[in-house]
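The structure is shown first, and the account follows.

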Amino acid sequence: MYIRMLKLRLLNAIAPAYFFTATIVTFGLHFYFFIPTIFQTPGTQLSAATFFHIVVFLYLMLNALGNYTMTIRHPAESANENVIPMCSPDCPDRVDAHYLLNGRHFCKLCKKVILKRDHHCFFTGNCIGNRNMRYFIMFCIYTSCTCLYSLVLGVAYLTVEYSISFENPLTFLTLLPLSTGYFFLGTISGLQFFLVLMLYVWLGIGLTCAGFCCQQVLLVARGQTWCQFRRGQLVEAHSSWRANLSDVFGTRWVLGFFLPVQTVEASPSDARKHD
Ligand SMILES: [Zn+2]
C-alpha cells in the first residue's frame, strides 16, 4: 500500500514536469524549425501564411495553457471541511481516495475533501470535480488540437527538410523502427530522430486527449462521474442531458469554448471565506 502511494506521489511530481517539458519543446520546434523552414520567404517580411500559422499555434497554446491554469486555480475541494477524515483499515476504496457521503471523496494525494470527484489528474496535480471539470475538458480539447496541429507541421517539416514522403499510408508504421535503426547506424542525425519521436508523442497525446475528452463529455451528459462509473453506481438525480451539461459548462459556455475564462460560478455556500 505504501509503495503504491509512493509511486502515485512520484507520478504526481513527474507528470507536470513532463507536460511543461513537452510544451517548451513544442514551442521551440515550431519557432526555430517549422516556421522558418516550411514558410520560407525572401527578405525579412512576414508572409500571410507565416502570420496565420503563428496566430493559430499561439491561440491553441493559449487555450491549452489557460485552461490548464484554470483547472488548478478553481479546485473542486469543499471549503467547508477542514477536518481530514480517517480511512478505516478495511476501506474498500482505491489507494488514492476514499468515498465519503453525497458524492464527496477524500483525495489522499490532494489531502482535501473533493466535491463530486471525478478523478485525480496527475498532469495538473489536482483533483477534477464539479468546479474544474469544464476547464479540464477544454484543456483536453485544446491539448489534442495543439498536438495534432504540431503533428501536421512536423510531417511537413520532415518532407521539406529531409525529403521523407508520407504519400504511402504505411510510412507512419515503418518510420519509427527504420529511423531508430538508421540513427544507431549513424545514417541520420540526432535531430531527425528526435523529430520522428516527437511525431509519435504528438500523435499519442493528441489521440489520448481526444478519446478522454469524448468519454468525459458523455459522462457529464449522463450526470455521472468517473468515480461513480468505476464503482458501478447509478446516477443519483435524473436530469436531462442539457441540464447536466449546463451544470458543468456554465451559462456562458460559448465564450468559454473559445477563451480560457471563468464561466462556472463558484457556489456561495462553498466559497472560500478569508475572515
Ligand atoms: Zn486529488
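Predicted model: local features only at pLDDT ≥ 70, side-chain atom pairs only at ≥ 80, totals over all residues.

## Helix H3 and its end

Helix H3 itself covers residues 133-162, a run of 30 residues, and its first and last C-alpha atoms are 42 Å apart, close to the 44 Å expected at 1.5 Å a residue.

## Annotated segments

The unreviewed UniProt entry lists residues 12-34, 46-65, 135-160 and 180-203 under "transmembrane region". Over residues 135-160 the chain of the model is 100% helix and 0% strand, with 37 Å between the end C-alpha atoms, while residues 46-65 are 90% helix and 0% strand, with their end C-alpha atoms 26 Å apart.

## H2 against H3

Two packed helices are described by the angle between their axes and the distance between the axes. For helix H2 (residues 48-73) and H3 the angle is about 150° and the axes lie 8 Å apart; since angles over 145 degrees count as roughly antiparallel, H2 and H3 are therefore roughly antiparallel to each other. The crossing of these two helices, H2 and H3, is left-handed.

On the H2 side the contact is formed by Val-56, Phe-57, Leu-60, Met-61, Asn-63, Ala-64, Asn-67, Tyr-68, Met-70 and Thr-71, and on the H3 side by Tyr-135, Phe-136, Met-138, Phe-139, Tyr-142, Thr-143, Cys-145, Thr-146 and Tyr-149. By class, the residues of the contact of H2 with H3 comprise 14 nonpolar, 5 polar and no charged.

## H4 against H5

The axes of helix H4 (residues 171-185) and H5 come within 10 Å and cross at roughly 155°, so H4 and H5 are also described as roughly antiparallel to each other. The crossing of H4 with H5 is left-handed.

Here Leu-175, Leu-176, Ser-179 and Phe-183 of H4 meet Phe-193, Val-196 and Tyr-200 of H5. The contact of H4 with H5 contains 6 nonpolar residues and 1 polar residue, with no charged residues.

## H5 against H7

Helix H5 (residues 190-222) also packs with helix H7 (residues 241-249), the two axes coming within 7 Å and crossing at roughly 115°. The residues that make this contact are Val-220, Ala-221 and Arg-222 of H5, together with Trp-241, Asn-244, Leu-245 and Val-248 of H7. In the contact of H5 with H7, 5 residues are nonpolar, 1 is polar and 1 is charged.

Note on methods
Residues numbered from 1 in each chain as written. Axes fitted to C-alpha atoms, helices over the stretch in contact; angles between N-to-C directions. Helix = DSSP H or I, 4+ residues; strand = E, 2+ residues; numbered from the N terminus. Contact = placed C-beta atoms within 7 Å. Nonpolar A, V, L, I, M, F, W, Y, C, P; charged D, E, K, R; others polar. Expected span 1.5 Å × (residues − 1). Parallel < 35°, antiparallel > 145°, perpendicular 65-115°, else oblique. Left-handed = near helix turned anticlockwise from the far one by under 90°. UniProt positions renumbered as here; feature names shortened; annotations may be inferred.
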